[in-house]
Every structure is written in C-alpha cells, then in structure tokens.
Amino acid sequence: MGGVCPAPPESRCLADSHRSTMSSCRTMFCARCIVSADHPPASAISIESPPDPPSGSGRSGRPAGVSRVKTQNPQVIAAAARFWVAHGADGRSAAARPGSRVSWGGRHEVLPESIEQGRLHNEAGHDQDGEANSVATRQLPRSLTPLEGESLPGYLLRSAYRLERSPAQFARLVGLASGKQSRIAYAYLRAMPEGVMREFSFAARLTEREADDLTLKGFTQTYSPLRRLRTGAKYIGDSAAVNWAVADSSRYCPDCLRGNGSSIEESLGGGWKLLWHLPVVFACVPHRRLLEHLCPACRQPLDVSGGRIGLVRYSTLAGLHPSQCRNALPHGRADPMQRAERTQGVACGMRLDRAGQASGSALASGDLDSLLALQQHILKHLSPQTKTQDESTAQHGYYLSDLIATTHLIKITWPMGAEFLPSSQFESLIEAYVGPIAAQSSVQHQSGLQKEEGIRGMRSRIAPIDSALCGALLSVADAALGNRELATLRPRIEPLAREAYRREKSYASKIFRSTDISPTLVRSVAVRIHGLPTRVGFRPLPVQHHYRVEEIPSFLPQEWFNRHFTEFIKYLPRFDYAIERRLRLGASLRLAELKSGGTWEACGLMIGMQPSLAKLTLKYLGRELEKLCLWPAFEETVEKVADYLDSTSERTDYVNRRRYMDSWRLPVDDWLSMHEGLPSLKRLRQWPGPAIGSALVWAEVTEGERVRSPVVLDLRQRGENTQAFATRLEMLSDAVGEPSLRLRRRIHLYAERLAVFCDKNLEPAVSVSEVIRDESAVSAGVIQEERPQASLAATIRRATLNRIVYELADPVGQMAPDRMWELFQCVVPAAADQARDATARGLGIRAALAAIVFVSTTPCVWRELPTGFGISKHTAFQRFTEWSEARVWTELGQLLRAANQSQGDLDWSRQAIDAVSARADKRRRGRS
C-alpha cells in the first residue's frame, strides 16, 4: 500500500518529498534511505574518524578501544556512506574514512579500507564502463514496467518523474551514473555493457531481457549500420549519424506520447519509442502520420547531442513531464524573466503530446499513403521474425543497407534520380535540400578548392531529420532498387554510380566499400571496379556453372568468339585485331572469374596466363568499355559463352594439355616432311625452322596465343630478339597464298592428332604421312575441308577496306591527286626495269604511289592491300622500299610545302606525304 517513507527526516534522501509506493514488507523504504528496520538509519549512526596518520607513517591511527574487526554488513556500510554524503559533504561532521568507528545501539564496527571519500567499492556494483562501481546499488522499492518498444531515455524520464527526481539522480540510483556525475552515456542507447546492464536490471527490478529491449541491441541483426558502432565506449560519435546508425535527434509522435488512456500512461504519458532513434523510421503507421522532429514552441530539434551531451538533455532538471521539451530557450524567443530563468537551467517545457498541426499535413493523400506503405515495408525488414513475400533470406537481410547506399547515390547525383520520384511534391522537397549542397560541391570542384562543407562534408551525409524529406529520399531509393534483380537493377543503378564516381570519387568509394550491401548491388555498379580491385567483397560472387576452371582456354577460341561476339562488336566505334585480342583474353579471364570469383590476376594464373598480362587486359578493357558504357554488354556476352560451355557435353582439360605441351617440341623430321610438295616455302623451312611449327601446333592444341608459346618464352629467356620470330608467325598465319594455306592445313591436322594423345596422356606418335595424305585429299576436293576459323577482326577489316576502295570513283586519282603526281614525277628516280610503254610505266608508278598513300593513311597493312588499285601488295611494298631509300618522300614533302597554294587537294597531299614519310622513318629506325 502507499505511504510516506518512515525514515527519520534527517536521514532521508535529499529530495523534497519521500512519497513512495510500499508493500506490506517493513523493509521497503524509498531509494536513498536505509532499507531495513533491523539496522538503524544514518541518523542513528555515530562515526568517529581516526586521527591523522603520524608523520612518516602510511597507516591510519585508530581511537583507543575501537574494535579492529572490519564490518561485513552491507547495510552498515551503505548507512555510513550515506551519512558521509548527507553530512560530511556539507561539512557538518567529519567525513567517514577508512578505519572510522561506526557506533549504533551499543555496537561498534570499523569501516573497511574499501571506503574512499565516502564511496564503496565492492563486487556487486559497476560503473558506466562496466567496471566496479563505488556504491553498492540497491533495488528500487518497485519497478516501472517498460512499455512495448520503449527506449532507454524514455524509461529514465518516466521513472524519474514518478519518483520526483531528476533523470541524473535516477540514473545514479540504477547504476547508469556514479557519484555526482550527471551525464548519462549516450552509448547506452546502442547497448549497455554487461556489468552496467546487470546492475541496472537488478536496481530497476527488470529482467536482463527487458533491460536489453530498452536499447538498440536487438536491431543489430536486422539493421547493419548499428553493427559498425563500437560497443563498450562512452561516446557513439558523429559517425553514428553519418552512417545512418542513430539519428542526431529523436523524432516523436504526439499521439503515441499521449498514451493509451490507462491510469499509468495518463499520469506518466506514453513511451518514447526506440524506433524513433533510427533514421529510416519517419512515420507512425498506427496513427497514419509522419513523425515530428521540432518542438512547436522553441522550433528546435530534440536532444541534438551527436553523442556528446548525453542520453537525456538537462538531466539534472527534475519535475519535467516525460513529454515536455528539454531544449534551452533560444535567444530572442522569451521574455526577460524566461531568459533569466534559462540561465539557471530552465528548459522550454512545451508539452510535445499536445502538438498542433501534424508534420506532412500539406502532403497529398496519395503521397502520404505511399510513404506509410514504404514505412510499413521498412518495419518488416527491421523485424527479425518477418520476411517479405517472394524474397530470399539473403536479399531480406541486405534491403536496408542497399536502401541507404542508394539514398547516398541519389544525393550525390541529383537530379539524375528524379526520374524515380512518384510525386512532384517529393521532387521539390529533395531539390530544396540537395540542390544547394550539390551546387556548392560543383563550384568547389571546378575551382579546385578543398571541399569543407560540400557533399563530402560529414554533416551533409547525415540522414535529414525532417520526416517528409527523409521519406521522400528513401522513396526514391526504393523505386531505384525495384525488385533488386540484377538484370533490371543494373540499367537503373549503373548510370547513377558512374556519375557519383565522376562527381565524388572518394564519397562513392566509401559507399560501395561497405561489406553490408548486397552482392547484387555490387555487381550492378561493377563498371567502377575495373581498376583491379583488391577487396574480395567488391568482386561479384561466383555464379554456379557446370564447367571447371581447368576447362577454360587462356585465349578464347576463334570459333567461340565468332559465334557469340558478332553482335557485340557492332557497338564498337572501331574494331581491329588488337581489340579482338583483348576481348578474347578478357573473355577467358571473365569465364574464370564467373566460376572462381577471384581477381583477374588470380584467374590468369588459373588458366595459364601471366598475371601482368591479366592486369593489363583488365586495365585496357575497363577503360575502353567503360567510356562506351559497354561493360554490362561484355559481361552478358561472356555469360552466353559460359552457358554454351555448360551445354557442351565433351569439354577439354586445357590445364592438362598445357602441362603436356610444355616440354614438347616439333621433331625436325616432321617439320621437313610437312614441306613436301611446297618448294616455294624453302626459306621458311630453313628459318626459323621447326620452332615456328612448334609454336603453331602448341597454339592449336592448347588454344593459346602463339606469342605465349614455350618456344617464344625460351627465346626470350635466352635474350634473343623475338620480334622477327613473331613477325614470321604472323605472316604465316595470315598469308593467303596456296602454299601457305596448305602448310597451315597440315599443321592443323597434325595438331588435331596430337591433341588426342594429350587427352589420353600417351606418348605422341603422329604420322606425318597420314597428315599429308589427308591434306592432299582436301586440296584435291576428295574430302570436304573443315577450314580453321579465320580471325573475325581480319575478315571484317579486309571487307571494310575493299568496300572503301570500291566506293571510290577513281582510287588512283583520289589517293594520288594531279598536283601530287606532277611533283612526284620530278623527284622519283628512274626504275631499272623501265617498261617499253612509257604510258603503262606511268600508270604503274602512279598506282604504286596511290597504294602507298592508302596504306599510310588508313589502318590497312601491306598484306591486306585491296585489289582495286590494280597493283599487287608485293609490288607496292617493293616500290615503297626503293623510294624510301632514295629519300623521295622528304623531297616531295619539301616541294609540296613550298607550293604557294592552299587548295584542298594540296593541303591533303601535304598531310598524306607526311604520313608516308613518318612510315618510312619508322621502318628505317627499325632496320637500324
């Protein structure tokens, strides 16, 4: 039953009133008074302090006759401590010190050494750091049951108001503060240390589960930003707000603060919800309204602490209702009497449960409904027991992290994300908030100044406290995420990510460096990880494919490339063999990445490629394809190749083939026998000899690059020049003459037979006579030829060059205009084999000049010279060599520059001859 504390007035606690709800047990007194009638209150205790220790002695003296037995009675110790607090601190009696004599009712005991300055140290108490507390914490007379979803600061406000004490006094009673400390650690909102939690739950008569439920600890599994906060620290710091872990200021719902009408909530008000401290909670779904963030009177956000002021603002003020505003009255908004009171620590005091117009009331009903639906969806993800329909468990856990990361993207790239807005009213809200920040960031970026307050500033990354604005940003981010399927997510998110990296590279890097976001979101912005990422968390996760890494060739086979990349190359502005080579290398590396999930350097080692080559390939493709926005198309094309490889029933172990062929070399006899019936290849037969055959066979068997064959690597290790060898390889591979075609056909048949021995790990025993017989049958048309796949780039390039020449009305006259031809005849030397017909000779020389100009001003090479000029590539190259040695191009260039004409043909002729002269100089330097 209720009553007044029976403790004598002088022993009561320092509060003005001692009314408390007591049970029938005699031992229940108010919190600061002696707790048992079997032991006297502090007023009945007399304490005789020992004399000061003698000079040079470290031990305290004791009065004569004082028992040296130290008391173990916690009630006596607590009473003595309170006696010191009530009397010794005010100077009305001597302070109790270690060794002091405590007397009551004819009994005498000595205070133990653990009392220091009126503070007790024992194993039962802990301070706010989880360490031993100075005063033994006792249970409160009766506990206040926490409301559902109530936060720790809300519980402190309601409990302190019930006991007519300040929140700081109540915090000291329950072990959340010690001594005269008034600040309650803001970090307790994240989680209380184990010692503090035990002491608090014991003093407040709560279970440990109830004490934990007052903190955000229960949301760490569903709200990943909370996991980044340090546990056990006194301060949370600004990073909590920057990372969207905890809001700078608590929002509130006036309807919730009014309570449910029960007697206890009618007196103490409703609870301050724990969810209101999370930045992603901006609406009260049961009351269908947005949360408030400003006091209606002082127009300030509530409890803006940033982790420094404490869990409760002005915690030393008593008598304020839990729903009253604790902000200080701002300057100029109070009368002189109020300003004088403010200097004495008087808060605003506005009842927040009586707020007037609801926040967001100006929103259209449809906009409010969409925000409430989004809030309901977010609350489902915050609850560990629920999972949305048609959503995997993994996707459910990543939703809030993806939502926050996308919100950052929207802020960086605004107004790019405006297309996802469901309402124009939301657009005006976001524009007013993000627009000035983005504009300032752009100005500072253009001027080269360091950004202190732009989008990089920590404060600009914090979630907006305004509920309507925060809801609008989250609504845009949710629309941008959609169903979070990679196929549909990447086209929406990738442009935002690319623009974010362009505007704020450091900020964007921090967003996607987080391991909390989903692998799907990481893959959707993979366009920005082509700079050889080092963190595995940045890499796309391996996709489940049936093929093995060992079954991937180091150089994508020509057949696979021609089959799957034909559509892709249509989007390239230019396409040549160098680009084809990079694409084939990159496709093999990407296939290995899809299977293993490793970096391209690691994948290069897996498929027999040098890591440096893999690194260069990634750098080249990443830079070129990113500029063209073609990296997603490249990934999709390679995924088609992966599906094709999965569907292939018989796959080849290329690792085993490379191991088998590493020490294999083409026998000399086999090489000589392959030249049977091909007398025009006599020079090739002698040099470079069987080495070139070994490289070609190795490339056929292992599907690798010819220049990466063991033969070439051996030459390089011996310090020999491999350029000439590589040139001979290229010439033989691209030659179109009948003897060269027949030799390549024999090498192909030889490699097919050798591959069978490789796969079976047998000693090679290829019959060259059978190879020549089959090749002769193909040449005679008896057997249908299975032609090796020609390079797609070479085929397209030849067709393009022939089309260019075909479309010229007069190829010779346009490539060698009249004025150029006139001046050229003045400097060209007489040929040794002059034709009898001077006209025919002139036409041949002019055709050779036109062909040389065409090769020098286009990507054409000599062996691809179109036939439209009426001259063979061998003749054109021979003329170019002769005239270069005679310095014809230098003299012709001087004549053209000396001409006082600015005609279009003459200007073009100067540029064309400069290109020919540069080509001649390059050839001269290469030969020297």
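Predicted model: local features only at pLDDT ≥ 70, side-chain atom pairs only at ≥ 80, totals over all residues.

A: Leaving aside residues up to four places away in sequence, Lys273 touches Glu148, Gly149, Ser151 and Cys256. With Glu148 there is also a polar approach: the backbone oxygen of Glu148 lies 3.3 Å from a polar atom of the Lys273 side chain. Lys273 itself sits in the loop that runs between helix H8 (263-268) and strand S6 (283-284). Its relative accessible area is 27%, so Lys273 counts as partly exposed.

Cys256, one of the residues that Lys273 touches, leads on to the cysteines. Searching the whole structure gives zero disulfides. Cys284 is in none, and the nearest cysteine sulfur to it, that of Cys256, is 3.7 Å away; the cut-off for a disulfide is a pair of cysteine sulfur atoms within 2.5 Å. Cys284 has 6% relative accessibility and therefore counts as buried. Cys295 is likewise in no disulfide, with the sulfur of Cys298 as its nearest cysteine sulfur at 3.6 Å. Cys295 is buried too, at 0% relative accessibility.

Helix H22 is another part to examine. This helix spans residues 654-661 and is mostly covered, with six of its eight residues buried. Those six are Tyr654, Asn656, Arg657, Arg658, Tyr660 and Met661. The cover over them includes four helices: H19 (600-606), H25 (690-702), H26 (710-717) and H28 (738-760). At the start of H22, Asp653 has a side-chain oxygen that reaches to within 3.2 Å of the backbone nitrogen of Val655.

Of the contacts between residues at least 6 apart in sequence, 70% join residues at least 24 apart. The accessible surface of the chain is about 44200 Å², and carbon and sulfur atoms account for 50% of it.

Methods. Residues numbered from 1 in each chain as written. Heavy atoms only, no water. Contact = heavy atoms within 4.5 Å. Areas by Shrake-Rupley, 256 points an atom, 1.4 Å probe, with all protein chains shown as cover. Buried < 20%, exposed > 50% of the residue type's maximum accessible area, 1.4 Å probe, protein only. Helix = DSSP H or I, 4+ residues; strand = E, 2+ residues; numbered from the N terminus. Polar contact = N/O pair within 3.5 Å; in protein donor to acceptor, adjacent residues only side chain to side chain.
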